[in-house]
Amino acid sequence: MEKTFNLTRREDGIAILTMDVPGETMNTLKAEFGPEISKILSEIKGDSSIRGLVLISGKKDSFVAGADISMLDACQTAGDAKALSQQGHVVFNELEALNIPVVAAIHGACLGGGLELALACHQRVCSDDGKTMLGVPEVQLGLLPGGGGTQRLPRLVGITTALDMMLTGKQIRPKQALKMGLVNDVVPQTILLQTAVEMALAGKRTAKPVKKSLVNQVLEGTGFGRNIIFDQAAKQVAKKTQGNYPAPAKIIDCVRQGMAKGMQKGLEVEASHFAELVVSKESEALRSIFFATTEMKKETGAEGATPRKVKKAVILGGGLMGGGIASVTTTKAKIPARVKDINEKGLSNALSYAYKLLDKGVKRRHMTPAVRDNLMALMTTTTEYKGVKDADIVVEAVFEDLALKHQMVKDIERECGEHTIFASNTSSLPIGQIAQAASRPENVIGLHYFSPVEKMPLVEVIAHAKTSPETIATTVAFARKQGKTPIVVQDGAGFYVNRILALYMNEAAQLLLEGQSIEHLDKALVKFGFPVGPITLLDEVGIDVGAKIAPILEKELGERFKAPAAFDKLLSDDRKGRKNGKGFYQYAAGNKASSKKKAVDESVYAVLGIKPGMDKDLSAVAERCVVQMLNEAVRCLDDGIIASPRDGDIGAIFGIGFPPFLGGPFHYIDTLGADNLVNILERYQAQYGDRFEPCPRLKAMAAEKARFF
């Protein structure tokens, strides 16, 4: 069997321990490494000629990317998971207890268990490379650092900094890591090993005390002060997670107990809490999302098709969407983008949009002004079809108007090459209808982004009946380069995400008209786990946009999509939402989202002709909106709009913020049981009418007690 750990001795008495997992591109920690490491450590202990030890990775671009997550799925019980954590503790304690200096030489990803391994060393040096990132992202999988991280990290960098890292899972760049005392030195990769060897030869240096802000010095120095920190952290966590995620509170408890009762007790608490989280349904759901997105990265979106290389993109329309799409194309994908708009104003909007986003990076010192300017140079603009001949893909982001889109298709076929892909960022018009104007319909595809483009991770790639497999594969690869998670959906009004969202929003509107207050509605769905409530979302997306999409969906998909008639009153009162500062909430001029919560614009009730009455139970309000979304998601699967429940879960989580801890609509239906969901829907159907009728597939699944996964 090939070994993962290899020990080599140098003439100067320093031993180099290289970790290189055979057959993998990244190093991950696996349970079976335990005995192998312990054997090497006892060999080192028994060899008096070894004066120091350097740990380094044999991989080109990663130190250790974390623990192997599939080993957690193999845990049958909490006991199994606890044993994993305790085994890690034993090995890391042995490493830390060596009486020779131990130095970690870090280049590339050093995350989760990888950082915990580095923390068990006496000193750390990392490369100044852009690929070098340190962090403990376990919380994003509903877990906590179970290899001693909750104990060693706060002792090294201070409680406040450690909690911030563990509760957000954020990744730390080399310069930051040095400043916060996470590493002892940062050097170019070329001299990384040499520097680590010199550190080992110089012997154990005591860690320099971390420079803390005065407030943190005062607070962290006493038991009373530490309790203030923990209580504050707990309050913020409760507000952010709405009690839906158990990991953050457990992280705080591990640090709190470890700091009060010592390292030994802290590690015991860590192992127990880690075990409970591994078997929790929340972590299971979050891990399923991780596996799904990892799996999707390997797929081209079209069986057997190879994507063509995209060397240049053209964006039609310099509005909010066009500017955002151009920005991720140049900044993330590093592909030159030419923006075409009929007027100069649109073009300068697109440029300033991209510049502002890049300049944030300069202000935060994540990039130099030169890098920013080089990326900006990839974006060019034109008001005529000039310099577009060699475009490999054209992304159209103009108004939702079929005649206008037809004109665009014809223009592009005239001005560009025969292989140029025409991708439409429409949110509701069927792509087949847009392709009717094309002489090369195989090149026409939908590429639906969500707003704001730079933040929303999902894109829907929409194939119509004549789209070629090569066009699909090329578009999927292009979206991935922009840093997006693409799901391939079939053509149909509203595609997938907006279709399931529309019924959810309509139901929220019905509840509003029945007298539920605006803030109560939003609160109910935030408590359920959505990032924002439906009424806030409508204000953000634009009431006018919602009003445009509704009739299209109703025409194509039937009566259940009919939007409440009262909504026309909003538009005749010129309420479009945030964009014109007039919607359900108040947008005071010049008042940029202040820290206090937005106030409801009470005058909207009179416009709609309603008086808010008694607020119903929060969970009952949420249930009525959510079951509409679940029922429609299953319909989309039945209609072949989405290829699998997995794609449906990813689309809902990344496209509209469906609560990740529930694993997506299809995972959630499995949790509820199809039979229970059918009962709930039928109860509402009797009360409110046929828009709640359970779809045939759900009824069949209920009868057979079937599951999606």
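Mentor: Helix H7 gives the largest share of the lining of the second largest pocket, four residues. Helices here are DSSP runs of H or I with at least four residues, strands are runs of E with at least two, and both are numbered from the N terminus. The model is predicted, and local features need pLDDT of at least 70, side-chain atom pairs count only at pLDDT 80 or more, and totals for chains, interfaces and linings use all residues. Residues are numbered from 1 along each chain as its sequence is written, and side-chain values use heavy atoms, with hydrogens and water left out.

H7 spans 174-179, and H6, at 159-168, also supplies at least two residues of that lining. In total 23 residues line the second largest pocket, and Arg173, Lys175, Gln176, Arg365 and His366 lie nearest its centre. By class, the lining holds nine charged, eight nonpolar and six polar residues. Asp, Glu, Lys and Arg count as charged; Ala, Val, Leu, Ile, Met, Phe, Trp, Tyr, Cys and Pro as nonpolar; the others, Gly among them, as polar. The volume of this pocket is about 690 Å³.

A pocket is an open set of points on a 1 Å grid over the protein atoms alone, with protein on both sides within 12 Å along at least five of seven lines; in a cavity a 1.4 Å probe fits but cannot get out, and lining residues have an atom within 4 Å of a point. Points are joined across faces, edges and corners, and a volume is the space filled by probe spheres set on them.

Helix H17 (residues 402-415) gives the most to its lining, three residues. Among the residues lining the largest cavity are Val409, Glu413, Phe422 and Arg440. Four of its lining residues are nonpolar, three polar and two charged.

Then the packing. The largest nonpolar core has 93 residues, and Tyr496, Leu512, Ile518, Phe584, Phe658 and Leu698 touch the most other members. Helix H26 (residues 618-638) gives the largest share of this core, 11 residues. A second, separate core of 72 residues includes Leu7, Val21, Ile44 and Val139. Such a core is a set of buried Ala, Val, Leu, Ile, Met, Phe, Trp, Tyr and Cys residues joined through side-chain atoms within 4.5 Å, where buried means under 20% relative accessible area (1.4 Å probe, protein chains only).

Note on methods:
Buried < 20%, exposed > 50% of the residue type's maximum accessible area, 1.4 Å probe, protein only.
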